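How do helices pack against each other in this model?

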Amino acid sequence: MVQNFDDTTVDSDSSIRPSWEGIGPKGKSILVTGGGGFIGSHVVDSLVEHNEVRVLDNFTSGFRSNVHPDATVIEGDMRNEAVLEEAMAGADIVFHEAALVSVTKSIEAPKQSHEMNVSATVDVLDHARREDARVVLASSAAIYGAPQSLPISEDHPKNPMSPYGLDKLMADRYARFYHEQYGLETVTLRYFNAYGPRQVANAYSGVVSIFIDQAQNGEPITVEGDGSQARDFIHVSDIVQANLRAATADVSGEAFNVGTGNSITIQKLANVIHSIVDSKSEVYYREVRSDDISQSRADISKIESMLGYGPTVDLQTGLETLSPENKSVK
Ligand code: UD2
């Protein structure tokens, strides 16, 4: 897919057709942990029409208002044994999206990151074993650390640079272990840089939501370093697509990258967002983040060939639908 980021004209009619239409499980009992969060709530939206969907969320970072009205909400902490048992009872499939997602937060509180990203995942896997439920697990490109080669394939060396990356690597490996040791059906999805509707803009969130928020408010767009660092930004609609394919494919014990195979520099991202939002903001360069990764781009050939996945939302369109003039994708 070739993208032309110099042409940033806003097309006010642009909209995104969900890339998950027509695929995914039907007639199942499904648990989505973190179903009030950015990614989990979109997974729920894609499932409610054809399945009985439960959401487990403590709403510390997610929101009840994100949860589709047709889903049943269990409000509680997944680390509480009784709560998890209630949520998992009778489940056919679990989408485990709940996590302490921020790298920064994990550095501030590694023990909490470990509890939420590793211990809770082992609990979910263990309950899934009892229920004989299939588990689709949210992992992260953070497990690779600074890449030695691009694009990053699934067997690239893993050198995580934060408690978050370490914890996600452990969770990722636990999913494989549960498959190999106990025959549990698991699939692990390693998200690259996710963006889309409902991504909250704050100090702990992704750069797309931060830049859009700054551009809309006329505040300086804060590029860290010289902006030459690049990321593979993946729209949440395509993340949902990957989840649905992972839930239904005749594949188990495998891990897949979920990205686009393309990358864009942070400098260019700032310019594109500035133009789409038609902002009065100026681009402001500040100190480079310590331990920042300079380049990240997914090799998506494995998920393309084994799950039939393909990214459908190009970055330009995805960003346009996030601008205030266009609320066509919710
Ligand atoms: C993201 C995820 C992380 C993990 C990883 C996978 C977030 C917050 N983090 O880490 O959880 O999944 O991807 O590889 O989603 N930047 C600026 N200005 C800002 C904010 C960020 O220039 O105001 C830069 C930052 O220095 C970095 C790039 O944007 O070079 C991306 O930063 P990020 O925090 O959105 O995501 P990343 O890749 O560190």
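A crossing is right-handed if the near helix is turned clockwise from the far one by less than a right angle, and left-handed if anticlockwise. The model is predicted. Keep both points in mind.

Start with helix α1, residues 38-47, and helix α7, residues 236-248. Their axes come within 9 Å. They cross at roughly 60°. α1 and α7 are therefore oblique to each other. The crossing of α1 past α7 is right-handed.

Which residues meet here? From α1 come F38, I39, H42, V43, S46 and L47. From α7 come V236, I239, V240, N243 and L244. This contact of α1 with α7 has eight nonpolar and three polar residues, and no charged ones.

Now turn to the second pair. Helix α4 covers residues 110-131, and helix α5 covers residues 163-182. Their axes come within 9 Å and cross at roughly 15°. An angle under 35 degrees counts as roughly parallel, so α4 is roughly parallel to α5. α4 also passes α5 in a right-handed crossing.

On the α4 side, the contact is made by P110, S113, H114, N117, V118, T121, V122, L125, D126 and R129. On the α5 side, P163, Y164, D167, K168, M170, A171, Y174, A175, Y178 and Y182 take part. By class, the residues of this contact of α4 with α5 divide into twelve nonpolar, four polar and four charged.

The contact of α1 with α7 has no charged residues. The contact of α4 with α5 has four.

How values were computed
Residues are numbered from 1 along each chain as its sequence is written. This is a predicted model: local features need pLDDT of at least 70, side-chain atom pairs count only at pLDDT 80 or more; totals for chains, interfaces and linings use all residues. Side-chain values use heavy atoms; hydrogens and water are left out. Axes are lines fitted to C-alpha atoms, for helices over the stretch in contact, and angles run from 0 to 180 degrees between N-to-C directions. Helices (H or I, at least four residues) and strands (E, at least two) are DSSP runs, numbered from the N terminus. Angles under 35 degrees count as roughly parallel, over 145 as roughly antiparallel, 65 to 115 as roughly perpendicular and the rest as oblique. Contact means heavy atoms within 4.5 Å. Ala, Val, Leu, Ile, Met, Phe, Trp, Tyr, Cys and Pro count as nonpolar, Asp, Glu, Lys and Arg as charged, and the others, Gly among them, as polar.
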